[in-house]
Amino acid sequence: MVYIVFLGAPGAGKGTQAASVARKLKLVHIATGDLFRQALERGTELGLAVKSYMEKGVLVPDQITIGMVLERISAPDSGVGAVFDGFPRNLKQAEALDEALARQGKAIDKAVHIGVSEEALLKRLGGRRVCRQCQAPCHVSDSPPRVEGRCDKCGGELYQRPDDSEESIKKRLEVYSDETTPLIDYYRRAGKLLEVAGEGGVEAVGKRIVAALGGERL
Ligand code: ADP
Ligand code: ZN
């Protein structure tokens, strides 16, 4: 049973790497952005509640986000352990997560911070396309799909996230630097931080993460 948090700016590759670590270690992958986007696609009450925040690139209110995650981790399948991706995103969320896990006699084991320069982030986000069906990302020039407009993994339709517009990207990077970067210190002080360089290809970064986690005997 392992609980891992992924930290990194929008475009750092958190989603891709978190999914791969979850698969390798057989853990549940809990991605708040994906959960919100699914709710949006389905037009549920939650989707309606979060739409405007997501489009602007600001954080969804903590009450909604924390409620959704706590519900998710109390589901039986999360008992095997989980990889958190896009959560926590501020101190209040980090504390709420620690408290909720502590109530179950559990704790976050490691926080992996994927560091990427702002220049690379802007390039990645601008060319990013995401699958409507399975949420897998690709990049128009760095990792183009085999068939234009179609997901390599499932054949689903690729689209550009509305919050991957230039204006929202700027806002998301600002929100990350103001609200989320304090978490790097939060986990460092707790002795849980693993720093990984996020430049380079998906596989190279993945190997660095496995090496960092592997050295930890989880
Ligand atoms: P990225 O990391 O590329 O910005 P995500 O898919 O993780 O993308 O998140 C997209 C949007 O979903 C965020 O800009 C925010 O509006 C909302 N969101 C996701 N996770 C959280 C969270 N933990 N707290 C508040 N809002 C969140
Ligand atoms: Zn797909």
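Predicted model: local features only at pLDDT ≥ 70, side-chain atom pairs only at ≥ 80, totals over all residues.
Reader: Okay, where do I start? What order do the strands of the five-stranded sheet come in?
Author: The order is β2-β3-β1-β4-β8, in an open sheet with parallel pairing.

Reader: Which strands stand at the edges?
Author: Those are β2 (28-31) and β8 (193-197). Each has a single partner strand, so one side of each is left without a neighbour in the sheet.

Reader: And how much twist is there from one strand to the next?
Author: The twist averages 20°.

Reader: Let's look at β1. Is it buried or exposed?
Author: Mostly covered: six of its six residues are buried. Val2, Ile4 and Phe6 point one way, while Tyr3, Val5 and Leu7 point the other way.

Reader: How many bridges join β1 to β3?
Author: Five, and the two strands run parallel. One pair to look for is valine 5 with its bridge partner in β3, phenylalanine 84.

Reader: What about β1 and β4, how many bridges there?
Author: Four, again between strands that run parallel. Leucine 7 has histidine 113 as its bridge partner in β4.

Reader: New topic: the core. Which residues have the most contacts inside the largest nonpolar core?
Author: Phe6, Phe84, Val112, Tyr187 and Ile209, in a core of 47 residues. β1 supplies the largest share of this core, with six residues.

Reader: What is valine 112 in contact with?
Author: Leaving aside its neighbours within four places in sequence, valine 112 is in contact with Ile4, Val5, Phe6, Leu7, Leu194, Val196, Ile209 and Leu213.

Reader: Now helices. At what angle do α2 and α4 pack?
Author: About 100°, with their axes 11 Å apart. That makes α2 (residues 32-42) roughly perpendicular to α4, since angles of 65 to 115 degrees count as such.

Reader: Which residues make that contact?
Author: From α2 they are Thr32, Leu35 and Phe36, and from α4 they are Ile64, Thr65, Met68 and Val69. By class, that is five nonpolar, two polar and no charged residues.

Reader: How many bridges join β5 to β6?
Author: Three, with β5 covering residues 128-131. Arginine 129 stands opposite cysteine 138 in β6.

Reader: Last one: where is glutamate 99?
Author: Glutamate 99 has its place in helix α5 (residues 91-103). The residue is partly exposed, with a relative accessible area of 48%.

Reader: How far apart are glutamate 99 and alanine 136 in space?
Author: They are 31 Å apart, C-alpha to C-alpha, and 37 residues apart in sequence.

Definitions and conventions
Residues numbered from 1 in each chain as written. Chains lettered and ligands numbered in written order. Heavy atoms only, no water. Pairing = 2+ DSSP bridges. Axes fitted to C-alpha atoms, helices over the stretch in contact; angles between N-to-C directions. Core = buried A, V, L, I, M, F, W, Y, C linked by side-chain atoms within 4.5 Å. Buried < 20%, exposed > 50% of the residue type's maximum accessible area, 1.4 Å probe, protein only. Contact = heavy atoms within 4.5 Å. Parallel < 35°, antiparallel > 145°, perpendicular 65-115°, else oblique. Nonpolar A, V, L, I, M, F, W, Y, C, P; charged D, E, K, R; others polar.
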